[in-house]
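Please read them with the structure open.

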Amino acid sequence: KNQAMLITGESGAGKTENTKKVITYLAMVATGSGKKAEKKVSLEDQIVATNPILESYGNAKTSRNDNSSRFGKFIRIHFTTSGKLAGCDIVSYLLEKSRITEQQEVERSYHIFYQLLQPY
């Protein structure tokens, strides 16, 4: 049976960190053991590893939070009929487009712009 979880809260409440913990937990339960598999890179690790990439394109410094998500994420985790982790879809939406061209004095645009322009 399909299940859903909605993680909401005010700015700085920990939604992004909580989402990482939920994904890690679901992936760990789906492997059937409390330990990570000792093979190459697990599917769990691959799913959790996408988060920093999404954050660099969709997070920005605000007056209340240095790493504030300026977009929403819909994460769908797929399981096999036997309950093992099979894959994941992540859809981003509601990107705050106005932040690209204009920010308040104490705020910054998306992290990716500063990361791309940093000297090597």
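1. **Burial.** A residue counts as buried when its relative accessible area is under 20%, as exposed when that area is over 50%, and as partly exposed in between. On that scale, 22% of the 120 residues of the protein are buried. Keep in mind that this is a predicted model.

2. **Layout.** The protein has four helices and four strands. Along the sequence they run α-α-β-β-β-β-α-α. Helix 1 covers residues 15-31, and helix 2 covers 43-58. Strand 2 is 68-69. Strand 3 spans residues 72-79 and strand 4 spans residues 85-93. Helix 4 takes in residues 111-117.

3. How many salt bridges does the structure hold? There are two. One of them joins glutamate 17 to lysine 20, with 2.9 Å between the closest N and O atoms. Both residues sit in helix 1, three residues apart, which is about one turn of the helix. Glutamate 17 has 44% relative accessibility, so it counts as partly exposed. Lysine 20 is partly exposed too, because its relative accessible area is 23%, and the cut-off for buried is under 20%.

4. **Salt bridge between strands.** Arginine 76 pairs with aspartate 89, the closest N and O atoms being 3.6 Å apart. This pair links distant parts of the chain: arginine 76 belongs to strand 3, aspartate 89 to strand 4, and 13 residues separate them.

5. **Nonpolar surface patch.** Which residues form a nonpolar patch on the surface? They are Tyr25, Leu26, Val29 and Phe79. Together they have about 370 Å² of accessible area. Helix 1 contributes the largest share of the patch, three residues. Phenylalanine 79 lies in strand 3. At 37% relative accessibility, phenylalanine 79 is partly exposed.

6. **Largest cavity.** A search of the whole structure returns one cavity of 30 Å³ or more. The largest cavity holds about 60 Å³ of space. Its lining consists of Lys20, Ile23, Ile47, Val48, Thr50, Asn51, Leu54, Ile75 and Ile90. Helix 1 and helix 2 are the elements that give two or more residues to this lining. Helix 2 gives the most, with five residues. By class, the lining has six nonpolar, two polar and one charged residues. Lys20 is part of this lining, and lysine 20 is also the salt-bridge partner of glutamate 17.

7. **Largest pocket.** The largest pocket has a volume of about 1300 Å³. It is lined by 35 residues, and the closest to its centre are Met5, Leu6, Ile7, Thr19 and Ile75. Ile75 is also listed in the lining of the largest cavity. Helix 1, strand 2 and strand 3 each supply at least two residues of the pocket lining. Which element supplies the largest share? Strand 3 does, with eight residues. The pocket lining divides into 14 nonpolar, 14 polar and seven charged residues.

8. **Contacts across the sequence.** Two pairs are worth checking in the viewer. Methionine 28 is in helix 1. Methionine 28 is partly exposed, with 30% relative accessibility. Glutamine 115 is in helix 4. Glutamine 115 and serine 56 are 59 residues apart in sequence, and their C-alpha atoms are 8.2 Å apart in space. Glutamine 115 has 43% relative accessibility, so it counts as partly exposed.

Methods. Residues are numbered from 1 along each chain as its sequence is written. This is a predicted model: local features need pLDDT of at least 70, side-chain atom pairs count only at pLDDT 80 or more; totals for chains, interfaces and linings use all residues. Side-chain values use heavy atoms; hydrogens and water are left out. A salt bridge is a side-chain nitrogen of Lys or Arg within 4 Å of a carboxyl oxygen of Asp or Glu. Buried means under 20% relative accessible area, exposed over 50%, partly exposed in between (1.4 Å probe, protein chains only). Patches are made of residues with over 30% relative accessible area and no salt bridge: like charges are joined within 9 Å, nonpolar side chains (Val, Leu, Ile, Met, Phe, Trp, Tyr) within 5 Å. Accessible areas come from the Shrake-Rupley method with a 1.4 Å probe; for residues, only the protein chains shown count as cover. On a 1 Å grid over the protein atoms alone, a cavity is a set of points where a 1.4 Å probe fits but cannot get out, and a pocket is an open set with protein on both sides within 12 Å along at least five of seven lines; lining residues have an atom within 4 Å of a point. Grid points are joined across faces, edges and corners, and a volume is the space filled by probe spheres set on the points. Ala, Val, Leu, Ile, Met, Phe, Trp, Tyr, Cys and Pro count as nonpolar, Asp, Glu, Lys and Arg as charged, and the others, Gly among them, as polar.
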